[in-house]
Amino acid sequence: MISSLEDLVRQVKKQKLKPSQLVEEAINQIQLKSDLNIFIEIYENQARFQALQIEDKLNKGHPIGRLTGCIFVVKDNFLLKGSKTTAAAPILQNFEAPFTGTCLQKILDEDAILLGKTNLDAFAHGTSTENSYYKSTKNPHDSQRTPGGSSGGSAAALATDICHFSLGTDTGGSVRLPASFCGVVGYKPTYGLLSRYGLVAMASSTDCVAPFTKTPQDAKLLIEIMAGRDNLDATTLDSSNLDFRPKTVNQNLTLGVIKELNQNLDSDVQKTFNEALDHLRTNGWQIKEVSLPNIKLALACYYVLVSAEVSSNLSRYDGLRYGVHQSHDDWGELIKLNRHHGFMAENKRRIMLGTYVLSQGYYEAYYQKAQKLRTLLCQEFDQVFRQVEALLSPTSPTVAFKLGSKIDDPVQMYLADLMTVAPSLVGIPAISLPLKTAGLPVGLQLMTPQMTDNFNLNLAQELFNQLC
């Protein structure tokens, strides 16, 4: 039995497992799970060729990477040189990436085998993977339910054991929510720890590359590989400055439960979350209720700021060089038609909202106030982290909801992000852990201060060992 990515690599190095065999098993699993609509593109031949190259290196005794033989997939908003990157949107249908993104390249350099690109909400706008040009991905635990979004394809691929890990992007919960709905681990790092170079941008001030794994230990390995300053992304941080606090991860730590995020939960989520807290208390953990008064406004703050950034980032797409291209003699009308046919409904909704809050007369009333609220949230989190070492909440107020149940009600869809947007706004690391439950998966969200990613993942592994 493979217990971790490092264990898998050890077995490949000893040639107890053959990369080519692992690739064939993964391809067979894709065929078995084809009804879930996980993939936008599958790289069967490339993966087979890559596996044979690794086996040749092993046979010749050449140096190999830290992820040798590990099969992975990426969300289709990562650029891979020479391949299509669609972001699941019509306007990018014919776009071929001219280079490979930094984080993806770092993973490939460690001899991991890329199997394909996965489905997502178009331009990562959504919480259910229903806003995709390629139709909905389905939840592996119940095909009538959503896998979460926007990184639903990457979460479903891992949950079905197609791959050993996967990559997504988390802007306001787009990895943590699918992790919760699909019963896997999803980790959002400190903002700026991982380079965004080579990603199709959604909201530049909260976008993060984020992995799906089976354990926090595996997520830690991937973060260590991908972290570091990138001269091509001015927002990246020097990972050598990470706060590797010499704290023993044990029951002497105080874990805070956010009062405002422990209300109005679905009964299954409330029951599972309370059972997890009771288990921790029984085993000697210190649990303390804390309050973040302004967190109830975080969702409204998030959608004002993110929509503004979406409006700005999507203004570059005109459909003239790639993607959906219409015909019209008038230049302005041509661009209007291209955008009409090239963007999905949710893309248009966010562009309109973002343009509105940035417009003259409304900028001060909405965008500026949201930025002030963001600062208040940062201050409240700083104050709470002086009382406790980490914060706990459910990852989502509900279990995975049925496909189609919220697609016509944008407000209800946005409420699925209720628990996850605040950590994104303040830029702190947050992880979703799959709690034990007899029913549909329920996620536990663990949050720690900025630049404590190593501490977060060590603590997460301890909680994972006890609760998951």
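Among contacts between residues at least 6 apart in sequence, 76% join residues at least 24 apart in the protein chain. The model behind this value is predicted. The chain holds 15 helices and 11 strands. Its radius of gyration is 21 Å, close to the 23 Å given by the globule rule for 468 residues, so the chain is as compact as a globular protein of that length. Along the principal axes, the C-alpha atoms fill a box of roughly 75 × 65 × 45 Å.

Burial and surface were computed next. Of the 468 residues, 60% count as buried. The accessible surface comes to about 18700 Å². Carbon and sulfur atoms account for 48% of that area. The chain has 45 positive and 47 negative side chains. The centres of these two sets lie 2 Å apart.

In soluble globular proteins, nonpolar side chains tend to be buried together. In this model, the largest nonpolar core has 142 residues. The residues with the most contacts inside this core are Leu67, Phe72, Ile107, Phe123, Leu391, Leu459 and Leu463. Helix α9, residues 298-314, gives the most to the core, with 11 residues. A second core is separate and has six residues, among them Phe181, Ala400, Phe401 and Ala416.

Phe123 illustrates the packing of the largest core. Residues up to four places away in sequence are not counted here.

Helix α1 spans residues 5-13. Its buried residues are Leu5, Asp7, Leu8, Val9, Gln11 and Val12. They pack against α2 (19-32), α3, β4 and α7. Just after α1, Gln15 takes a positive phi of about 60°.

Helix α4 covers residues 102-109. Here Thr102, Cys103, Leu104, Ile107 and Leu108 are buried. Ile107 is also one of the residues with the most contacts inside the largest core. The helices packed against the buried residues of α4 are α3 (44-60) and α7 (216-226). The strands are β2 (71-75), β3 (113-118), β4 (165-170) and β6. Asp111 follows α4 and has a positive phi, near 70°.

Two loop residues were also examined. Phe95 lies in the loop between β2 and α4. Its relative accessible area is 17%, so Phe95 falls under the 20% limit and is buried. Leaving aside neighbours within four places in sequence, Phe95 is in contact with Leu79, Ser83, Lys84, Thr85 and Tyr322. Thr85 is 10 residues from Phe95 in sequence. Their C-alpha atoms are 6.1 Å apart.

Gly192 is placed in the loop between β5 (185-188) and β6 (208-213). This glycine is buried, because its relative accessible area of 5% is under 20%. Gly192 touches Thr235, Thr236 and Leu237, residues up to four places away in sequence not being counted. His164 stands 28 residues from Gly192 along the chain. The C-alpha atoms of Gly192 and His164 are separated by 25 Å.

Terms used: Residues are numbered from 1 along each chain as its sequence is written. This is a predicted model: local features need pLDDT of at least 70, side-chain atom pairs count only at pLDDT 80 or more; totals for chains, interfaces and linings use all residues. Side-chain values use heavy atoms; hydrogens and water are left out. Helices (H or I, at least four residues) and strands (E, at least two) are DSSP runs, numbered from the N terminus. The radius of gyration is taken over C-alpha atoms; the globule rule is 2.2 Å times the number of residues to the power 0.38. Buried means under 20% relative accessible area, exposed over 50%, partly exposed in between (1.4 Å probe, protein chains only). Contact means heavy atoms within 4.5 Å. Accessible areas come from the Shrake-Rupley method with a 1.4 Å probe; for residues, only the protein chains shown count as cover. Lys and Arg count as positive and Asp and Glu as negative; His and the chain ends are not counted. The place of a charge is taken as NZ of Lys, CZ of Arg, CG of Asp or CD of Glu. A nonpolar core is a set of buried Ala, Val, Leu, Ile, Met, Phe, Trp, Tyr and Cys residues joined through side-chain atoms within 4.5 Å.
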